[in-house]
Amino acid sequence: HYIGNELALKAALEHAIEAANNNYLVTFGIKPSRADTGYGYIKTGAPLGSAGVCMVEKFVEKPDFETAHAYVESGDYLWNSGMFVFKTKTVIEQFSYYEPTIIEGVQQAMATGTAYYPEAGKYAELVNKPFDKAILEKSDRVVTVSCDPAWSDIGSWESLWEIRSKDEDGNALEGRTMCQDTRDCFVLSKKKLIACVGIEHLIIAETDDAILIADRRNAVGMKELVNNLKATGFMDGEAKNSLLLSISENHKRSTVQE
């Protein structure tokens, strides 16, 4: 998680702790700055106590662009940051009610393990279910605290470009680079000089064994590229430790801006 405004997060945390002490499961909801198809959304419900704290009406997983745009325009939705605050007792109670098989399996693994570590074999037998699906989407004890801490999970090249410092032409530059008549680009050089003339909105990134050149706004195309690289075997061998792995890690989010 990238946090650009720690004071805003601190203020939200104080409200989150208050709600957690009242036995709620608290998630941090980020005020959306754009229609982004790569984030989950939280529909806010009735306000609860502290300013900015609301009941969660529902969670929505990665909508299409038109739906995401409507959510942002409505003002009733927040991005789901995946950051939570709750008391241990509260979350164990929720697991016992909604997912008793999981909590019983954890308890068995702990009983046969060491003081701080579960027994690996028993733990591996547990159902693999995301926390959101297992608990948050079912529980009536979930609230969200709205905040705007300049947050990003840096899940795409676009979001990485957004948080980087830039020159007067909007270029985020690293390494040996020279740019002329170049705007809003992300240029990353590990060894070679990268010289750019007359381009906009591109990612150009170089490592020992790979070079990426792409429209930084085309997250959908990036996902297709990764799938093609995997299908053709280019994600195997030495490339696993280079830029191609970075491409794979950074394609997870599909970011679309107006």
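Glu99 is buried, with a relative accessible area of 9%. This residue belongs to a predicted model, in which Glu99 occupies the loop between α3 (88-98) and α4 (100-111).

- With a relative accessible area of 24%, Asp184 is classed as partly exposed, whereas Glu99, at 9%, is classed as buried.
- Asp184 and Asn5 are 179 residues apart along the chain, and their C-alpha atoms are separated by 23 Å.

**The barrel**

- Five strands form a closed barrel in the order β2-β5-β3-β4-β6, and their pairing is mixed.
- Within this sheet, neighbouring strands are turned against each other by 55° on average, direction ignored.
- Strand β3 (residues 41-47) pairs with strand β5 (residues 77-85) in the antiparallel sense, over 3 bridges.
- Strand β3 also pairs with strand β4 (residues 53-60), again in the antiparallel sense, over 5 bridges.
- Ile42 has a bridge partner in each of these two strands: Phe59 in β4 and Leu78 in β5.
- Tyr41 stands opposite Trp79 in β5.

**Helix α8**

- Helix α8 covers residues 219-231, and its 13 residues should span 18 Å at 1.5 Å a residue; the end C-alpha atoms are 19 Å apart, which agrees with that expectation.
- The buried residues of α8 include Ala219, Met222, Val226 and Leu229.
- These four residues lie on the same side of α8, because they cover an arc of only 70° around the axis.
- At the start of the helix, a side-chain oxygen of Asn218 comes to within 2.8 Å of the backbone nitrogen of Gly221.
- After the helix comes Gly233, which has a positive phi, near 90°.

**Cysteines**

- The structure holds 0 disulfides.
- For Cys54, the closest cysteine sulfur is that of Cys147; the two sulfurs are 12 Å apart and therefore too far from each other for a bond.
- Cys196 is likewise in no disulfide, and the nearest cysteine sulfur, in Cys179, lies 4.3 Å away. The cut-off for a disulfide is a sulfur pair within 2.5 Å.
- Both residues count as buried: Cys54 has a relative accessibility of 17%, and Cys196 has one of 4%.
- Cys196 is located in strand β11 (residues 194-197).
- The C-alpha atoms of Cys196 and Thr177 are separated by 7.9 Å, with the two residues 19 positions apart along the chain.

- Strand β3 is paired with β5 and with β4, and Ile42 takes part in bridges to both, through Leu78 and Phe59.
- Helix α8 carries Ala219, Met222, Val226 and Leu229 as buried residues, and they are on the same side of the helix.
- Cys54 and Cys196 are buried cysteines in a structure that has 0 disulfides.

Technical notes: Residues numbered from 1 in each chain as written. Predicted model: local features only at pLDDT ≥ 70, side-chain atom pairs only at ≥ 80, totals over all residues. Heavy atoms only, no water. Buried < 20%, exposed > 50% of the residue type's maximum accessible area, 1.4 Å probe, protein only. Expected span 1.5 Å × (residues − 1). Arc of directions from axis to C-beta. Polar contact = N/O pair within 3.5 Å; in protein donor to acceptor, adjacent residues only side chain to side chain. Pairing = 2+ DSSP bridges. Axes fitted to C-alpha atoms, helices over the stretch in contact; angles between N-to-C directions.
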